[in-house]
Amino acid sequence: MILGAHVSTQGGVDNAPANAEELDIKAIQIFSKNQRQWVAKPLEEEAVNRWHEEMKRVGITHQVSHTSYLINLCAPDDEKREKSLDSLVDELERGERLGLTHVVLHPGSHLKEGEEWGLTRIAESLDIVHERTAGFKVKVALENTAGQGTNLGYTFEHLKSIMEQTREHERLAVCYDTCHGFSAGYDLRTKEVYEQTFSEFDRIVGIDRLQLFHLNDTKKEFGSKKDRHDHIGQGGLGLDPFRFLLADPRFEKVPGYLETPEDDLGGYEYDLKLLREMQV
Ligand SMILES: [Zn+2]
Ligand SMILES: [Zn+2]
């Protein structure tokens, strides 16, 4: 696995590569704008140029963004859904200019309208977004969720359903979050269940769709449906799942981005040290 992390863009996106350099990582996830805003003003030409220079200088090989938490492609309210479409198009336009491989998206929340209804509405929304971003190289990566509230995407069947109903489904990938998967009831704690989980993923979604990971442990117990990230090895997952992932030849060239908290144990340095020790 190619180790990476969600890095800060404080002061501008073009500052992100230097933050990665400090951590000695070659894969970064960023917010390409304030994640609490619907649409932001376009990126300055100068910042985009400096971003590309910095990416090259630092030698970053994998780069993605995480979309705004406001986006809900199956919002029952039409106005909210319209805003979500505009916002995702905006994210993809930024992503294309920055040369990102993927824009990571939480599929959506059906807000009690029902799961089937929600999955279909998400696919219809993706069709519209794809039409409005024809020819773009950057892909939407659907992230598996913990299944909190009415969030969709907490089963492999949900991800499959969205892809099957989306016309240009080859423009979709999956980001597998280890914390979310565990909270949603996909175990990775022994070699046996680890293999079961990913062969189930392969059977239902297709392992080639799994193009990036979010590497997080969880503060909550198995099947909690809660989304609370913890440092690697400190939570319910423990160290073994990460050992398995790092040794898995299927994921040798797949990037894994840390989204662990900054606390008494430290920041990403803590997790990267552990993961690097496991990798050798
Ligand atoms: Zn995540
Ligand atoms: Zn999460």
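Predicted model: local features only at pLDDT ≥ 70, side-chain atom pairs only at ≥ 80, totals over all residues.
The buried residues of helix α5 are covered by elements that include α4, β6, β7, β8 and α7 (191–204). Residues are numbered from 1 along each chain as its sequence is written, while chains are lettered from A and ligands numbered from 1 in the order in which they are written.

**Helix α5 and its terms**

Helices (H or I, at least four residues) and strands (E, at least two) are DSSP runs, numbered from the N terminus. A residue is buried if 20 or more other C-beta atoms lie within 10 Å of its own, exposed if 12 or fewer, and partly exposed in between, with C-beta atoms placed from the backbone. In α5, the buried residues are Phe156, His158, Leu159, Ser161, Ile162 and Met163.

**The whole chain**

The chain holds 9 helices and 12 strands. Its radius of gyration is 18 Å, close to the 19 Å that the globule rule gives for 280 residues, so the chain is as compact as a globular protein of that length. Here the radius is taken over C-alpha atoms, and the rule is 2.2 Å times the number of residues to the power 0.38. Along the principal axes, the C-alpha atoms fill a box of roughly 45 × 45 × 30 Å. Of the 280 residues, 48% count as buried. Two residues are in contact if their C-beta atoms, placed from the backbone, lie within 7 Å. Among contacts with a separation of 6 or more, 76% are between residues 24 or more positions apart.

**The barrel and strand β6**

In the order β1-β2-β3-β4-β6-β8-β9-β12, 8 strands close into a barrel with parallel pairing; two strands pair if DSSP finds at least two bridges between them. Strand β6 (residues 139–143) has 4 of its 5 residues buried, so it is largely enclosed by the rest of the structure. Strand β4 (residues 102–105) pairs with β6 in the parallel sense over 4 bridges, and 4 bridges also join β6 to the parallel strand β8 (residues 172–177). Some facing residues are listed here.

| Residue | Opposite residue |
|---|---|
| Val103 | Val140 in β6 |
| Val140 | Leu172 in β8 |

Ala141 is in contact with His102, Val103, Val104, Leu105, Ala173, Val174, Cys175, Gln211 and Leu212, leaving aside neighbours within four places in sequence. Ala141 is also among the residues with the most contacts inside the largest nonpolar core, which has 70 residues. Such a core is a set of buried Ala, Val, Leu, Ile, Met, Phe, Trp, Tyr and Cys residues joined through C-beta atoms within 7 Å.

**Helix α4**

Helix α4 (residues 115–132) has 18 residues and reaches 26 Å from its first C-alpha to its last, close to the 26 Å expected at 1.5 Å a residue; the expected span is 1.5 Å times one less than the number of residues. Its buried residues include Leu119, Ile122, Leu126 and Val129. Their cover includes α3 (78–98), β5 (108–109), β6, β7 (151–152) and α5 (156–165).

Leaving aside neighbours within four places in sequence, Asp127 is in contact with Thr166 and Arg167.
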